[in-house]
Amino acid sequence: MAENLNDCRVPCKMSWSELEALCRIERLRSDQLGVNRANVNEYEVEFLCDYKKTKEEEFYLVKWKGFPESDNSWEPKRNLRCPKLMKQFHLDLDRELRRHKRRCIPKKLDKEVASFLLQKAKVRQSLQRWEAHLNQTRNHPGRIFVMNDVDLEGPPKNFTYINNYKVGQGIVLNEMAVGCECKNCLEEPVNGCCPGASLHRMAYNDRGQVRIRPGKPIYECNSRCSCGPDCPNRVVQKGIQFNLCIFKTEDGRGWGVRTLQHIKKNTFVMEYIGEIITTDEAERRGHVYDRQGSTYLFDLDYVEDVYTVDAAHQGNISHFVNHSCNPNLQVFNVFIDNIDERLPRIALFSTRAIRAGEELTFDYKMQIDPVDTESTKMDSSFSLAGLPSSPKKRIRVECRCGSDLCRKYLF
């Protein structure tokens, strides 16, 4: 009987951290779990929950990784080797004490402060798990970081990270593009390369920066083209190249996105991704979103208003980008494998150099002068320039962008 079980496999109901903790309890060694003779008596700190001090010593209430909270224990500082966790604990503690208008750390934290620190540690863990999930899901080089130093809000509910458009019910995407035969698409384009096939000019320079004005479409090389992956006319399709951080804003604007790297002017930053739905379905959903006080509907009306992108529950990092009346991102319509002008891809390019640490924003109404890309002049007929209209809003919403050029209302 036993010989028949050699290839038998059953799923384990315990996590790796729980198995590691069990090994330490039972004094068992495991190379796979990293438990050996030298560290079998060491336990990993998951997070710090509370703090107190006497004349002689400081103590921390420790949540041990792999153990229930009922096993939390007070440990002297000298026994702990978790400098990063300790630093984060005191940053959280200092912020909370300042919120209560206290300057000095008391000998013993009151229940309200200790409860907040415990919740904060749990929220940070959930955000770290979400961050790991986002980075496992993304298909682009740029990493995603998540940070909330403002409140106790965790990962958004009912949101799924996707890398490409998801086609809604009743919509069919047909690959209609015709490939080019160029050997050097930028310097020796054959018949104008892919842009020329649609009677348009090459959108990028040799550094991959956009050189056409907003309102003009971008036609990139596609899967049927003779050129290789290093072709300078392949930019948006390579995905997000910069490390970006989803962070909680301090001024009540919810989540936002900041870049962690310097971005040069006219550089591709991200696409606006979501579910493609019909305008009739967008109208129905729009009324529901209005009652909720927010929406993520983006009309694809480059030539006609037939389809809409809904990023409310399925989208990429652009879901979290905030509005500004003086933005640093600009929208362009992009066509790659699909040249159906009713279904462009929506790409966001930098309007100027953006410093590392600066928040990324775009104008939900995108009302700039369509003739001069450097201008911030308002133009009520900007939709004639061929740009997609803003995410739909049917109620007047106060703007909190804080720009000197703020229009006071988003819509």
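Q: Where is cysteine 221 found?
A: Cysteine 221 is found in the loop between β7 (218-219) and β8 (244-248), where strands (E, at least two residues) and helices (H or I, at least four) are DSSP runs numbered from the N terminus. This is a predicted model, in which local features need pLDDT of at least 70 and side-chain atom pairs count only at pLDDT 80 or more, while totals for chains, interfaces and linings use all residues. Residues are numbered from 1 along each chain as its sequence is written, and side-chain values use heavy atoms, with hydrogens and water left out.

Q: And is cysteine 221 buried or exposed?
A: Cysteine 221 has 0% relative accessibility and counts as buried, a word that means under 20% relative accessible area, with exposed over 50% and partly exposed in between (1.4 Å probe, protein chains only).

Q: What about cysteine 180, where is that found?
A: Cysteine 180 is found in the loop between β6 and α4 (193-197), and it is buried too, with a relative accessible area of 7%.

Q: Which residues is cysteine 180 in contact with?
A: Leaving aside neighbours within four places in sequence, the contacts of cysteine 180 (heavy atoms within 4.5 Å) include Cys194, Cys221 and Cys225.

Q: Which positions does UniProt give for "binding site"?
A: The unreviewed UniProt entry places that feature at Cys180, Cys194, Cys221 and Cys225. These residues are spread over 46 residues of sequence, yet they cluster in space, with a largest C-alpha distance of 8.6 Å.

Notes
UniProt positions renumbered as here; feature names shortened; annotations may be inferred.
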